[in-house]
Amino acid sequence: DASAGRWITGEACAAVPVGARHRTILGVEHRTNLTQKMRTYDEEPYSLYYSRDGKSRVWAAYLQQESRILSSVLLTAGLRHDRHSPNGGTTTPRAALLWSATPSMAVKLLYGQAFRAPNLYELYYEGGGSGSNPALQPEKITNREIVVEGRLSPTLGFTVSAFSERLRGLIEAERSPADSLSVFVNTGRVNARGIEAEMRAGG
């Protein structure tokens, strides 16, 4: 298997203060994939099984609002939309609430969604027939987390967090019963829950 790619990216972002307690952030991103090549072949004796030359574009726009609700409470909320060919568009929200409970301890409530669009290899692996799946959709994950971090002394800090994650549309390879080719498909869900704790020593 061999592959090659060339791309151009660009991004613009602006932060606009709104009074003393609010700030709005606007941004756009763009990527043009000029070259997307894939080859599958045997070297000796040479036999080419699959060859594809493609192009694609990805653009995104996002909006984020930061608001100082109280002197000790900061709320951040944002929305992002990505347009990725040939899979359409995906909109993902994010939010965070930060409470500075004491000068040495903070509590964070976090919520977010993210995605991973299928790459060219996953869309067209083994090329043609049942080995291609151009209708493959992005993997999507939803995350919820609460974090408590602080300092017990000038040289000792800690972080404790509890999280819940849900992954939908996991991309995995399966064998097609029609011709035994590998094809990537969106499978079921993966759920994860856990607790993490960390202690840090140092100045």
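Is Tyr 121 buried, partly exposed or exposed, and what is its relative accessible area? Tyr 121 is partly exposed, at 35%; here buried means under 20% relative accessible area, exposed over 50%, and partly exposed in between, using a 1.4 Å probe and protein chains only.

Before going on, a word on the model. This is a predicted model, where local features need pLDDT of at least 70 and side-chain atom pairs count only at pLDDT 80 or more, while totals for chains, interfaces and linings use all residues. Residues are numbered from 1 along each chain as its sequence is written, and side-chain values use heavy atoms, with hydrogens and water left out.

**Around Tyr 121**

Tyr 121 sits in helix H1, residues 120–124. (Helices, H or I with at least four residues, and strands, E with at least two, are DSSP runs numbered from the N terminus.) If you skip neighbours within four places in sequence, Tyr 121 touches Asp 1, Met 38 and Phe 184, where contact means heavy atoms within 4.5 Å. Gln 36 is 85 residues away along the chain, yet its C-alpha atom is 9.9 Å from that of Tyr 121.

Met 38 and Phe 184 also turn up in the largest nonpolar core, a group of nine residues. Such a core is a set of buried Ala, Val, Leu, Ile, Met, Phe, Trp, Tyr and Cys residues joined through side-chain atoms within 4.5 Å. H1 gives this core its largest share, three residues.

**The sheet**

Nine strands make an open, antiparallel sheet in the order E1-E2-E3-E4-E5-E6-E7-E8-E11. At the edges you'll find E1 (2–18) and E11 (190–201), each pairing on one side only. Two strands pair if DSSP finds at least two bridges between them. Here are some antiparallel pairs:

| Strands | Bridges |
|---|---|
| E2 and E3 | 19 bridges |
| E7 and E8 | 13 bridges |
| E3 and E4 | 12 bridges |

E2 and E3 form a hairpin with four residues between them, and Asp 42 has Ser 47 as its bridge partner. Over in E8, Ala 162 stands opposite Ile 146.

**The pocket lining**

What about the largest pocket? E2 supplies the largest share of its lining, 10 residues. E1, E3, E4 and H1 are among the elements that each supply at least two residues.
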